Amino acid sequence: MSSEQFTTSIKSSVKGVLRKVGSRPVGKRITRAMGFVNKPGGANVGVSNVPLPGTVAVYFGDGADKIYQINQWLPVLEELHQKEEVLLVFRTISAFNAAGKVTDLPKVFVRRFSDLMDTYDDNDLKLVIYVNNSRSNFQSLDHPRLVHVHVNHGESDKLSMVSNKAKAYDKVFVAGPAAIKRHEAMLIGFDFSKLMVTGRPQLDIDFELELEASQKFDVMYAPTWEGENEDNNYTSLDHYGVAIVESLLENPELRVIYKPHPRVQSSKTPGVAQAHQQIMEMLQASIDEGNNHVISEQGNILAMFESTDALITDVSSVGLDYLYLHPEKPLVISDRRNNRENLHRDAPITKACHVIDQEALPELPALLNDAWSIDGHREQRLEMRKFYFGDLSRGESTKKFQEFVQELIVEREANLVNFRGWHS
């Protein structure tokens with residue numbers, strides 16, 4: 001056999017193996033990535049020299065499973081769009097498609113890094129907003145001309161709210177004094193002039209009512225998900241969830257509204273998934289008996305707050321959003337770690353509300369009844385609202401957000417005199 005025939009034989013054998021491997025789902029992804037499959041699903045379609053609208057880009061590098069992180073910003077971005085054109089930039093087709101179902105804002109799907117840089121460089125984009133701490137954000141941050149602004153997708157006392165990645169952005173928009181103290185406690189060598197207090201623009205929106213109030217006392221139970229690691233796990237579901245709902249159902253004067261975090265529904269964590277399923281079955285059984293309890297797995301929780309009389313939740317943005325909008329209403333927060341000292345240190349809001357932990361569990365019905373019948377923490381919550389959100393009243397956060405975006409654009413434009421450009 002000649003060397004040429006031998007080489008041809010080897011190539012043929014390799015291609016044969018790849019065809020067999022490529023018939024499997026994972027194999028298909030591998031062969032497409034290597035360029036062996038000439039199909040649109042495996043192609044990287046460039047976007048250079050394609051004119052796109054917008055001065056403000058909103059970057060989202062994750063998939064549709066995390067689309068809720070950008071969804072709560074959409075009303076704010078749609079309002080900003082009236083002053084500064086907004087372009088949504090997606091790196092996954094699943095998120096691109098999911099966003100198309102909920103907003104008419106211009107959007108683009110950009111797979112490759114080189115095309116992302118071309119998108120930024122070939123158009124009149126001036127500022128990029130980031131709503132999470134995705135690792136892919138650092139590809140976007142590589143472009144030096146634009147202003148890079150981190151806004152996060154909520155305001156909470158979770159560990160994930162402060163990241164060392166904040167050092168990479170030009171500016172970080174935060175809700176108020178509590179967020180500043182959070183950064184001071186967690187970051188070393190951070191330039192605190194990066195922080196800009198904007199309040200919570202998402203809470204300025206007048207949402208269409210999603211839930212009618214009942215004649216009973218309406219209590220919402222809104223647990224968070226289990227996070228991506230134990231340090232960021234604040235859910236009450238696997239520890240107290242079933243007991244909480246059982247206690248609520250025992251009181252005929254209450255209507256129970258179950259509104260879990262969007263990612264609870266797809267949780268693979270046994271304790272969380274089991275508790276969620278058991279709660280769903282308990283509530284559905286009561287509903288079948290004629291009670292008007294509510295199960296809402298994917299609804300807009302902010303649009304449901306108005307119809308509630310009290311909230312039970314975990315350490316998350318939900319409790320703080322409720323504090324901002326309804327500081328006069330009873331709030332109960334869980335502590336899965338059963339360490340009241342650390343809880344008060346890490347989540348100051350818990351000093352101004354009843355807390356559910358292992359010690360309180362045996363007296364749960366009495367605790368909950370005391371929370372809304374006596375509510376001895378009301379004045380503390382009013383003070384705590386100032387700690388988290390300053391003196392901003394509803395409507396002022398949006399104004400500050402828009403002003404800061406426009407100021408940063410003007411400031412950056414003034415500093416581009418000697419900038420040579422990405423492709424220069």
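I begin with a rule for sheets: two strands pair if DSSP finds at least two bridges between them. With that rule I looked up D218, and I found that its bridge partner in β9 is R255.

Before going further I note that this is a predicted model, in which local features need pLDDT of at least 70 and side-chain atom pairs count only at pLDDT 80 or more, while totals for chains, interfaces and linings use all residues. Residues are numbered from 1 along each chain as its sequence is written, and side-chain values use heavy atoms, with hydrogens and water left out.

**Entry 1: the whole chain**

I counted 15 helices and 13 strands in the chain; helices (H or I, at least four residues) and strands (E, at least two) are DSSP runs, numbered from the N terminus. Of the 424 residues in the chain, 52% are buried, where buried means under 20% relative accessible area, exposed means over 50%, and partly exposed is in between, with a 1.4 Å probe and protein chains only. I also looked at contacts (heavy atoms within 4.5 Å): among those in the chain with a separation of 6 or more, 67% are between residues 24 or more positions apart.

**Entry 2: the six-stranded sheet**

I followed an open sheet of six strands, whose order is β10-β9-β8-β11-β12-β13 and whose pairing is parallel. Its edge strands are β10 (294-295) and β13 (354-356), each of which pairs on one side only. Within the sheet, β8 (residues 217-222) and β9 (residues 254-258) run parallel and are joined by five bridges.

Two helices that pack on this sheet went into my notes. Helix α9 touches β8, β9, β11 (310-313), β12 (331-334) and β13, and its direction makes about 165° with that of β8. Helix α10 (residues 270-288) touches β8, β9 and β10, and its direction makes about 140° with that of β9. For these angles I kept in mind that axes are lines fitted to C-alpha atoms, for helices over the stretch in contact, and that angles run from 0 to 180 degrees between N-to-C directions.

**Entry 3: two helix pairs**

I then looked up how α9 (residues 237-249) meets α13 (residues 364-373), and I found that they pack at an angle of about 65° with their axes 10 Å apart. That angle makes α9 roughly perpendicular to α13, since angles under 35 degrees count as roughly parallel, over 145 as roughly antiparallel, 65 to 115 as roughly perpendicular and the rest as oblique. The contact is made by A243, I244, S247 and L248 of α9 together with L364, P365, L368 and W372 of α13. By class, this contact of α9 with α13 has seven nonpolar residues, one polar and no charged ones; here Ala, Val, Leu, Ile, Met, Phe, Trp, Tyr, Cys and Pro count as nonpolar, Asp, Glu, Lys and Arg as charged, and the others, Gly among them, as polar.

For α8 (residues 177-186) and α14 (residues 378-389), I noted that the axes come within 4 Å and cross at roughly 60°, and α8 and α14 are therefore oblique to each other. P177, A178, K181 and R182 of α8 make the contact with K386, F387, Y388 and F389 of α14. The residues of this contact of α8 with α14 divide into five nonpolar, no polar and three charged.

**Entry 4: strand β4**

In a regular strand the side chains alternate between the two faces of the sheet. I checked β4 (residues 127-130) and found both of its faces covered, with L127 and I129 on one side and V128 and Y130 on the other, all buried. Four bridges join β4 to β1 (residues 56-60), and the two run parallel; four bridges also join β4 to β5, again parallel. Y130 of β4 stands opposite Y59, and its bridge partner in β5 is H150.

**Entry 5: single residues**

I looked up N152, which has a positive phi of about 60° although it is not a glycine. N152 is found in the loop between β5 (147-150) and β6 (171-174), and at 6% relative accessibility it counts as buried. N338 likewise is not a glycine and has a positive phi, of about 55°. N338 lies in the loop between β12 and α12 (340-346), and its 37% relative accessibility makes it partly exposed.

Last, I noted R412 in helix α15 (residues 396-414), which counts as buried at 18% relative accessibility. Leaving aside its neighbours within four places in sequence, R412 is in contact with P144, R145, L146, V147 and D170.
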